[in-house]
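Please look over the model below. The report that follows takes its helices, its sheet and a few single residues in turn.

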Amino acid sequence: MAQAAKEKENHFSAYKLFAKTREAKDPAWLLNLRQRAGESFEELDFPTTRNEAWKYTSVAPILKTPFRQLLDLESGGLTVEAIAPLTFAESRRSQLVFVNGLFSSELSNLTDLPDGVTVSNLAEVPAELGKVVSDHLGVYADYRDHAFTALNTANVGDGAFVHIAKGKAVETPIHLLFVSTSAEATVSHPRVLIVAEEAAIATVIESYVSPNDGVYFTNAVTEVVARPGAVLNHYRLQEESERAFHIATTEIHQERGSNYTSCAISLGSQIARHGLNVAVTDENIETTIDGLYVVTGRQHSDSHTVIDHQKPHCASHQLYKGILDGRGRAVFNGKVFVREGALLTDARQLNKNLLLSPEAHVDTKPELEIFADDVKCSHGATVGQLEGDELFYLVSRGIPQERAQALLTFGFAEDVIRKIKSKSVREHLDRMVLDKLHQSLDVN
C-alpha cells in the first residue's frame with residue numbers, strides 16, 4: 001500500500017507539472033477536462049487483484065518502478081530511415097509518428113491524404129474541427145472510475161486525431177505509430193481520437209513499438225466514433241519491449257448502420273492489458289472484434305472485451321486466439337450484454353488457446369448476459385495443445401518435426417491475421433509471430 005501511494009504521488013506530481021506547462025497553450029475546455037480527470041485520479045486507487053476485473057493481473061510490478069515523464073521531445077536519434085522497418089508500405093505517406101508520447105513532425109508524413117481527411121496532432125487540430133474534438137474527447141473513455149484512464153486524460157496534450165468527413169472513402173490506410181526509445185524508465189500517455197462521419201470509410205492502424213528492449217510504461221487510451229453508416233477497419237498492434245508495461249483502453253461508440261471491425265494483436269510487453277469496449281447504440285449495426293496474443297518466457301497478456309447491445313437488429317462476432325509458450329500467462333475475459341428490447345441480436349464469441357509448454361497457463365472467461373427474447377447468442381472457450389494426429393500426419397509425409405509444429409502453430413494464428421486487409425501488415429505479423437516463437441516455415 002505504501003508503494004502504491006508513493007507511485008500515485010509520483011504520477012500526481014508529474015501531471016500537475018505537465019498541466020502547468022500547457023496552461024497558456026490549450027483551450028479552456030481541454031484545461032477543464034484535464035482538471036476533472038486529475039481530480040478523479042486523486043480520488044481513485046490503482047486496481048489490485050482484489051478487483052474482480054483485475055483478479056488475474058497484478059499491476060504491482062508497474063508501481064514498483066519509478067517512471068519519469070518526458071515533457072520535451074527526445075527522438076533518441078530516430079530518423080525516417082531508422083523507423084522504416086516499423087512502418088508499412090501502404091501507409092508510408094499517411095503516417096503520424098509519436099516518440100515517447102510526443103508528436104514528431106519530422107518523422108510523420110501525411111502527403112497521401114485526400115481532401116476531407118484530417119490526421120493531426122491533438123494539440124494542433126484545425127480550428128474548424130475544434131468542436132468535433134471537444135464534443136468527443138473524454139466522452140467515452142471513463143476517467144471517473146478508472147485510475148489509468150484518469151491518469152491518461154489528465155495528461156492529454158499531444159495525441160492522434162483522425163477525422164474522416166461525411167461520405168469520404170479513404171483507400172490508403174492511416175498509420176498512427178507510437179515509438180518508445182528512452183534508455184531510462186519513462187512513462188507516456190498516448191491518446192487517440194478517431195471520428196468517422198456519416199457513410200465514411202477508412203482503415204486505421206495503431207501500433208506501439210520500440211527499437212530496443214528498455215523498461216518503460218505505456219498508458220494508452222483510444223476513443224472511436226463511427227457515425228451512421230460509417231465503415232471503419234481498426235488494427236491495433238502492440239509490439240513493445242518484453243521488459244516494458246502496457247495498459248490500454250479502447251472505447252468504441254457505434255451509431256445506426258455502422259460497421260466496425262477490429263483486430264488487436266498483442267506480442268510484446270512484460271505485462272500487457274487491453275480493454276476493448278463497444279457500445280452498440282442503435283439498430284442495424286455490425287461489430288467484428290478479433291484478437292491474437294502470443295506470450296513467451298514470463299510474459300503476461302490480459303484481454304478484456306465488452307460488447308453492449310443496446311438496440312435490436314444488430315450483430316457482433318468475436319474471435320480471440322492465444323498462443324502461449326514458456327511460462328507465459330494470458331487472461332481473456334469477454335462480456336456480451338444484450339439489453340432489454342435488443343431483439344433479434346446475433347452475438348457470437350469464441351476464445352481459443354494453444355499451449356506449447358506445460359508451464360504455460362491461461363484463464364479464460366467468456367460471458368453472456370441476455371435480457372431480451374428472440375436472440376441468437378453463443379460463447380465458448382478452448383484450451384489445448386497441438387494435435388498429435390496432425391503432427392503425425394505431417395511427419396509421416398517427410399516434414400521435419402520442428403517444421404510440422406511451426407506449420408500447425410502458424411495455421412492457428414493465421415485464422416486471425418488473414419482477416420487483416422492490409423497485405424504488408426499481414427506479412428509483418430506473420431514474420432513477427434514466427435520469430436517470437438523461434439519457428440520457421442523455410443524448407444531448409
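## Terms and source

Angles under 35 degrees count as roughly parallel, over 145 as roughly antiparallel, 65 to 115 as roughly perpendicular, and the rest as oblique. The angles run from 0 to 180 degrees between N-to-C directions, and axes are lines fitted to C-alpha atoms, for helices over the stretch in contact. Helices (H or I, at least four residues) and strands (E, at least two) are DSSP runs, numbered from the N terminus.

This is a predicted model: local features need pLDDT of at least 70, side-chain atom pairs count only at pLDDT 80 or more, and totals for chains, interfaces and linings use all residues.

## Helices α7 and α8

Helix α7 covers residues 388-395. Its axis and that of α8 come within 9 Å and cross at roughly 130°. The two helices are therefore oblique to each other. The crossing of α7 and α8 is right-handed. (A crossing is right-handed if the near helix is turned clockwise from the far one by less than a right angle, and left-handed if anticlockwise.)

From α7, the contact (heavy atoms within 4.5 Å) uses Glu390, Leu391, Leu394 and Val395. From α8 come Gln401, Ala404, Gln405 and Leu408. By class, five of these residues are nonpolar, two polar and one charged. Here Ala, Val, Leu, Ile, Met, Phe, Trp, Tyr, Cys and Pro count as nonpolar, Asp, Glu, Lys and Arg as charged, and the others, Gly among them, as polar.

## Helices α8 and α9

Helix α8 spans residues 401-417, and α9 spans residues 423-436. Their axes come within 11 Å and cross at roughly 150°. That makes α8 and α9 roughly antiparallel. Their crossing is right-handed.

Which residues of α8 and α9 meet? Phe410, Ala413, Glu414 and Ile417 come from α8. Arg426, Leu429, Asp430, Val433 and Leu434 come from α9. Six residues of this contact are nonpolar, three are charged and none is polar.

## The sheet

Ten strands build an open sheet with mixed pairing. Their order is β3-β2-β6-β9-β11-β13-β15-β17-β19-β21. The edge strands are β3 (102-103) and β21 (376-384), each pairing on one side only. Strands pair if DSSP finds at least two bridges between them. Strand β15 (residues 286-295) and strand β17 (residues 315-324) pair in the parallel sense over ten bridges. Glu286 stands opposite Ala315 in β17.

Helix α8 packs on this sheet. It touches β13 (259-266), β15, β17 and β19 (346-355), and its direction makes about 150° with that of β17. Helix α9 lies across β9 (201-209), β11 (231-239), β13 and β15. It runs at about 30° to β11.

## Single residues

Asp374 sits in the loop between β20 (361-370) and β21. Its phi is positive, about 55°, although Asp374 is not a glycine. Is Asp374 buried or exposed? Asp374 is exposed, with a relative accessible area of 55%. (Buried means under 20%, exposed over 50% and partly exposed in between, with a 1.4 Å probe and protein chains only.)

His438 lies in the segment after α9. Its phi is also positive, near 55°, in a residue other than glycine. His438 counts as exposed at 76% relative accessibility.

Ser40 belongs to helix α2 (residues 28-43). At 11% relative accessibility, Ser40 is buried. Leaving out residues up to four places away in sequence, Ser40 touches Tyr143, Arg144 and Ala150.

Notes
Residues are numbered from 1 along each chain as its sequence is written. Side-chain values use heavy atoms; hydrogens and water are left out.
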